[in-house]
Structure formats: structure tokens, C-alpha cells
Amino acid sequence: MPPPITSSSIIVHRETGEVITTGNDITFSVDVTQHGAGSIDVLAEVVGREVDIEPTVEYREGVFHVRVPTSVSGEYVVFIKYNKKDIPGAPFKVLAKCNPGSITAAGEGVGSDSKVTSKTETNFNIKLNGEKPSNVVVNVIDPYGYYVDTVSTEAAQDQVMVKYLPIKTGQYVVEVLCDDEHISDSPFSVTVEEVYSPTSQVHLA
């Protein structure tokens, strides 16, 4: 008869820390050598979000190797049962956060290519480097502190294009954040100039 399920009869090794980068797997090894293969059930969820998560389990030489993918940022709760009973320490909590330093933005809309003129739509591209678009937030703030409407669309693979229409001239601030942290070089300072018109020129006699 196998021993009761205790922290000494089932050894759980957390191979990832309590905080990981989104996109990496949460991994555990569950040593059930004293009990035999048995059966293991793994369920994972993200607090406050509806996400389809499909954990994988491999059994090798008395050890179950558990992998839980993280496709979105948030707090993951992992439930593991062995022979229908909670293993020691379960449920486990892991916080998945994006890596804002790996995300970049470029284009006239962040002031990196050419001048931006008022009353003319401008844009820029965000290179996600594997991050999910839903985790990235863009704020455009005009010279008077008001937020400007933006439109984001998926462009090339792993990229998002952001468009906005600056009306007033002056210094704009463009923030690109992931999990409330600024990406590389954010916030951006963008100078918006008046639309050039030949009719506005003054000719001196």
C-alpha cells in the first residue's frame, strides 16, 4: 500500500520562480517514486481573465514533468492533483509579466522619422517581439494634457500599427506601456508643427 500523500512522499520542484516573463512556460516536476505512476490532473487559470490554457504532462522514471504555457500577462493559479488529491503546496501561484524592454516603437508618429504636422494623420509601428497586442497600451497626450484618440491595427507579423490625428501644434507625449511599464525609449516626445501653406507666406515689398 503506498504511503499517504505528504510533502515527504511526493516531492514537488518548482522549476520557475514566482515571477516569469509572459510567453515562457511555468514548469514543475512532481516526484511520485514512492507511489508509482498513478494519475495526475493539472488545471490552470488566470485570475480575472478567461483564457484557454492547455497544460502538458510527461511521465519519466517516477517523475511527472508539468508545463503550463503563459500566453497573456497576469497571475496564474495552477492546481495539481495526484490520484484525485491535491499535491503538497497546491495550488501554486505564478505572476507572468511582459518584458517591456524587448518591445520597440518606430515611425513618424513617435518622432523618429520625419516631422509631424497638425491636422494630418500620423502613425508608428510597435514591434512586439512575441508579446501579445492586448498587453500593450498606447497613450497620446497633446500639449494641453488631453488624451488623443488612437486606432491600433495588426500590421505585419508581430507588429501593430498605431494611428492618431494631432490637431494642435506643440509638444506631444506618446506613451507605450506593457503591464504599466514603459517600453524601450518610452515616453516619446513628438513635435507637431503647423501645416505649411504657401498662402500663409508674407511677401515684403
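Biologist: Where is P91 found?
Modeller: P91 is found in the loop between β8 (85-86) and β9 (92-97), where strands are DSSP runs of E with at least two residues, numbered from the N terminus. This is a predicted model, in which local features need pLDDT of at least 70, side-chain atom pairs count only at pLDDT 80 or more, and totals for chains, interfaces and linings use all residues. Residues are numbered from 1 along each chain as its sequence is written, and side-chain values use heavy atoms, with hydrogens and water left out.

Biologist: And what joins A90 and P91, cis or trans?
Modeller: The peptide bond joining A90 and P91 is cis, with omega at about -5°.

Biologist: Which residue is joined to P187 by a cis peptide bond?
Modeller: That residue is S186, and omega for the bond is about 0°. P187 itself lies in the loop between β18 (181-182) and β19 (188-193).

Biologist: Changing topic, what is the phi of K119?
Modeller: K119 is not a glycine, yet its phi is positive, at about 60°. K119 sits in the loop that runs between β11 (116-117) and β12 (122-127).

Biologist: Why does K119 count as exposed?
Modeller: K119 counts as exposed because its relative accessibility is 63%, the classes being buried under 20% relative accessible area, exposed over 50% and partly exposed in between (1.4 Å probe, protein chains only).

Biologist: What about D179, where is that found?
Modeller: D179 is found in the loop between β17 (170-178) and β18. Its phi is positive as well, at about 55°, although D179 is not a glycine. With a relative accessible area of 26%, D179 is partly exposed.

Key. Helix = DSSP H or I, 4+ residues; strand = E, 2+ residues; numbered from the N terminus.
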